[in-house]
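Here is a short report on a predicted model. Have the sequence and the 3D view open as you read.

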Amino acid sequence: MARLGRRSLLRTATQVGVGVLAGVQSLGTHSIAQASSRTPASSPVLTYIYAGSSDQKALPDVEKALSALAMERISATVKLVTFDWGTFDQKISLANAAGEKHDLYYTAPWINNYYTNIRQEYLLKLEKLLPDLAPILWGSMTPETWDAARVGGSIYGAINQQIFVKPFGPYIRTDVAKDAGVEDAFRALTSYDDIGPIMAEVKKYIDSKKGGFQYVTVAANINATETFGYDVVDSGLVVKSTDTAGKVGLYSDTMEYSRAALTIRQWNELGYTPSEPKTSSEQQDAWKAGLSTMMMSGVVKPGGDAEIKARWGHDVISVAIAEPLLTTGGSTATMTGVNSLSANPEAAVKFLELLNSDVKFYNTLCKGIEGVHWEWDDKASLLIRPAGGKASYADNGYNPNTDWQFGNVFNSYYTAKSQVGAWPATADLNRNARPSPLLGFTFDGKAVDTERAACAAVAKEFGEPLTFGIVDPMTQIPALNKALQEAGIDRIRAEMQKQIDVWMAAKKR
Amino acid sequence: MQVAQTAPNFRRPYVTPTGWRRQMKFHLIGRNLVWFTMTLPALIWIIVFKYLTLAGVWIAFIDYKVRTGLFASQFVGLKNFEFLFSTDTAIRATRNTILLNAMFISVGLVVSLSVAWLLFEIYASRFTRYYQTLILLPRFISWVVVSYFVYALLAADTGVVNSVLKQLGIAPLSWYRTTEPWPFILLAVSLWHGVGLSSLIYLSGMIAIDTQLYEAARIDGASRWQQFRYITFPILLPLVIINMLLALAYVLNADFGLFFQVTRDQQLLYPVTDVLDTYIYRSLIVTKTISMAGAAQFYQSFVGFILVIVANAVVRRIERSRNESLALF
Amino acid sequence: MTVASPSDARPSLRLPTRRGFDAPTVVVHIAVACLAMLCLFPLLLVVASSFTDEIALARNGYSIIPSQFSVEAYVAIFNKPTVILRAYAVTTGITLVGTVLGVSMIALLAYPLSRRDFILRTPISFMVFFTMLFNGGLVPYYILMTQYLNVQNTIFALLLPHLVGAYYVLILRTYFSGLPDELFEAARVDGAGEWTIFWQIAVPLARPALATIALFIALNYWNDWTTALYFIRSPDLYPLQYLLYIIQSNAQAMALQEQVGQIGTQKLPTETARMAMAVLATGPASILFLFFQKYLVRGVTLGAFK
């Protein structure tokens, strides 16, 4: 190992390294910081952050098209910034914490938590700006719906209109339904009680080894509160949708919960479900790999079957069992917020209006540029297809497929024949759904944070085995409720009832 | 002496100055200037990346709100710390960190010494190189990849462990949902990852011991264990003590990669696996309570600081009694 | 007597003599061999899973021998290799440049700190080692990088943070202190300037320690996934480990979406594809590091850690 050897090794290493770096250096120029530095008062640059896959190659082209449109209508250009789904929460939290000056971003109760953002003052109050600068958007939903997004009297996010209600119901793969001869029975389902015989048939079919399936269903959870007409507020505390007085009860204490748990247990004992609980990604893998024939609890919406086919490649039949219920959680499932530190709040709200009212603008963001990424199949019924005769939209380089993340999905063009007509049907569903007595109410849990955390842990520990049917509900449910008592569920309940009573009294005035 | 002969291209001959210049040690100034220039790149880096960011320590004492930022947010004194210690989560995180670290350190020491001794016994063999390579290999694997194969082992339906249990007729466990085994799982993974390097360090200490001592002991009829106990261990003791003290000084710091990746951030496991570093991460990203994160971080650094000073003082005392140079600073 | 052993090659070390194959030695060999196998086993598991058919994996689970051999995961990756190739380019680039730069900076800092005549020795030492104790936290670090240094989403964000580690300065300083002063004095008498002494005497003599810290710094760069998490948004700049993390957490995030009733259509890599990525990301690097680990061993053995 001569001295010379080491030096030449060093030299080579440096040369190679610098060479590689130089090649890579030119890449990566999307800097958020740039946006705030380029803001002459006349034409602001609006930075819009949302979650998406990073392989949308045509994003710069779409951005240019959108900027051109935006320049015409609202005299502003657009900068689109995408974070991967897996790290969206982390990146946006950091960006907000560091006080970056992006303008708009995606927020929801289940990711980049809307309520936490409000508490940390990351979101701008919109209730005054929306009616002035975004009248169409403001008028597109009823005041009660907008109330769902209110916290402490102010609205902090623009609701993206989509299916608000959760008509839960089972799905079954079409090929299985036909082969096992249960198609008609399935379509006639009205309650989970009747599904037993169908599952028995399917089990016989599986056991005959046709098609290579392993489970009737990988997850038998039919215990979602909306299924039985309960609006869940927090920590497993619910209000029955028919109860206008808003009395809070414990969901795991109800008749419906026990019956559902017993049913799930029965299914598990009959071998319809796996003996070991599976995580959600395991469930997805199993469904994708064709090991499972049914999904017990999916949101059954108009056009939903087409979405599932697009996502997983399986044809399915779905039947809605739960009555559609309009809740706060359902209405605020997806929203776009304006950064409280944005340098151009008015332009940002105008952008929201543009996004939610201008059909061409919205669909450019959702689907891409006409003729390049998609083309008309049937303009009259608003049906499109991949441009250039490609098999799928992704082949053309732009297919985020998250219309619900951007704005009003009812403005979106239909991407598959079976989807046509879904939007008016869904809007009807929303409109005709029974509103929960608590629509517009948000629970402020700060005073009982410790109890909430404890109860959440208990719910997971005791409740999960019940949703998978691997324990006897007769002993487990009392144990669950007892543990919840010890964790302080009554204190949460009292606090919640207090807040509801105050809110209801204020509403009546 | 050889070096001077093989390096001929020096400048003009250097003559040590005499007289008043020497007394003023002028000859040292030039040297010092050069030395100072040498330190500049790294020093600037340290000032920028370590000292400028120290301003963040202030977050622990304010109610950090993004609009008012670091300097204009309201000063709240020790209230953040009060709140921090009143929450069960922070206390639990501290307890987990200390207990788990203590376990890692103690078991790690025994295992590393044992492995080092075993390697020492067969060091002359040509297989030892291969063993050593394999034992060091885990150290080079990133925690992300580690999380992949821990999953392959512990996944509920498809994992290797559960498959084996099923074949043996034992009921399989939902590993990622049960808290009890996790301290030991983490211990095993931590050992797997770290034994390579720690045993190497102890091994190098063992190699430096004069073999004549061992020869004498063998002639006197000492067994292997007696050789270890009376020769190896006492001579290695300073090294062991330093390592222990350093590890103890960092007892509130955990390897974020290990606790975040390997547990896949499963909420059900938090009672046993949540440590200060993951708690700080969640305070920043999930609950977005920046001040809490700042307070927890300051508390971690501060306690660590005290512990390092104490540890260093103890090491100095050992030094003095043994007349060797061991301390950190 | 003593058989020819490695001890002959290193005259300064004396190693235990080979005792031949007596029972205890065989036992020790077996024990250590088992340990070595245990260390290797998890990695073999990952390799085996990557060569398993996806459906067979979901049915039969993971095992050390694939239940059904298939290279479909690798085919899928090599069909669209740009992702992993670019990640390799990024990671290799920053590792090479970062290591060379980092080791140089650390050596340049450690050497003067080891000189007793250096006036600023104590204050600078204190400055350096104080940083080992106190940490400003993530938020100011993030603000520094994005708002003051403006390196967000550039290659420098990956390069700069790991250049100087106080621990390595310590190791190197100790090593430099251990070098005999007479050498330096003699060189000075012969007319060498401080730079010359550094480059031509100190550095070559410190090769084992330098190699050791170079290995650790390279490892830091190679395995780093958090820096990209914080600062990199463009997929062109994803380093390898971050890529592995992303494909896993994306899958989990997709599952979350479904629970809320929304459906996107990202084509997610299957479990076997993720394992294949892991093998491709780690395999070549591990083999390379294995070659260099002998320098680590030498470095540690010759007292880098003393």
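Two residues are in contact when heavy atoms of each lie within 4.5 Å.

**A loop residue of chain A**

A:Glu276 sits in a loop of chain A, between helix H12 (255–269) and helix H13 (280–288). Which residues does A:Glu276 touch, leaving aside its neighbours within four places in sequence? The partners are B:Ala156, B:Asp157, B:Pro172, B:Leu173 and B:Ser174. Is A:Glu276 buried or exposed? Its relative accessible area is 12%. The cut-off for buried is under 20%, so A:Glu276 counts as buried. A:Leu69 is 207 residues away from A:Glu276 along the chain, and their C-alpha atoms are separated by 53 Å.

**A helix pair in chain A**

Now turn to helix H20 (residues 449–468) and helix H21 (residues 473–487) of chain A. Their axes come within 9 Å and cross at roughly 175°. Because of that angle, H20(A) runs roughly antiparallel to H21(A). On the H20(A) side, the contact is made by A:Glu451, A:Ala454, A:Cys455, A:Val458, A:Ala459, A:Phe462, A:Gly463, A:Pro465 and A:Leu466. H21(A) brings A:Pro473, A:Gln476, A:Ile477, A:Ala479, A:Leu480, A:Ala483, A:Leu484 and A:Ala487. Sorted by class, this contact has 14 nonpolar, two polar and one charged residues.

**One helix of chain B**

Helix H11 of chain B spans residues 211–219. Which residues of H11(B) are buried? They are B:Thr211, B:Tyr214 and B:Ala217. Looking down the axis of H11(B), these buried residues fall within an arc of 115°, so they line one face of the helix. An α-helix has 3.6 residues a turn, so residues three or four places apart point the same way. The cover over the buried residues of H11(B) includes helix H6 (88–121) and helix H12 (224–249) of chain B. The face of H11(B) turned away from the buried side carries B:Gln212 and B:Ile219, which are exposed.

| Chain | Domain 1 | Domain 2 | Separation of C-alpha centres |
|---|---|---|---|
| Chain B | 3–56 | 85–322 | 40 Å |
| Chain C | 20–70 | 78–302 | 31 Å |

In chain C, nine residues of domain 1 are in contact with seven residues of domain 2.

Next, secondary structure. Chain B has 16 helices and two strands. How many helices and strands does chain C have? Chain C has 14 helices and zero strands. Read along the sequence, its pattern is thus a run of α elements.

Burial comes next. In chain B, buried residues make up 56% of the 329 residues. In chain C, they make up 61% of the 306 residues.

Last, contacts along the sequence. Take the contacts in chain B between residues at least 6 apart in sequence: 64% of them join residues at least 24 apart. For chain C, consider contacts with a separation of 6 or more. Residues 24 or more positions apart account for 71% of these.

Methods
Residues numbered from 1 in each chain as written. Chains lettered and ligands numbered in written order. Predicted model: local features only at pLDDT ≥ 70, side-chain atom pairs only at ≥ 80, totals over all residues. Heavy atoms only, no water. Domains from an automatic or database assignment. Axes fitted to C-alpha atoms, helices over the stretch in contact; angles between N-to-C directions. Helix = DSSP H or I, 4+ residues; strand = E, 2+ residues; numbered from the N terminus. Parallel < 35°, antiparallel > 145°, perpendicular 65-115°, else oblique. Nonpolar A, V, L, I, M, F, W, Y, C, P; charged D, E, K, R; others polar. Buried < 20%, exposed > 50% of the residue type's maximum accessible area, 1.4 Å probe, protein only. Arc of directions from axis to C-beta.
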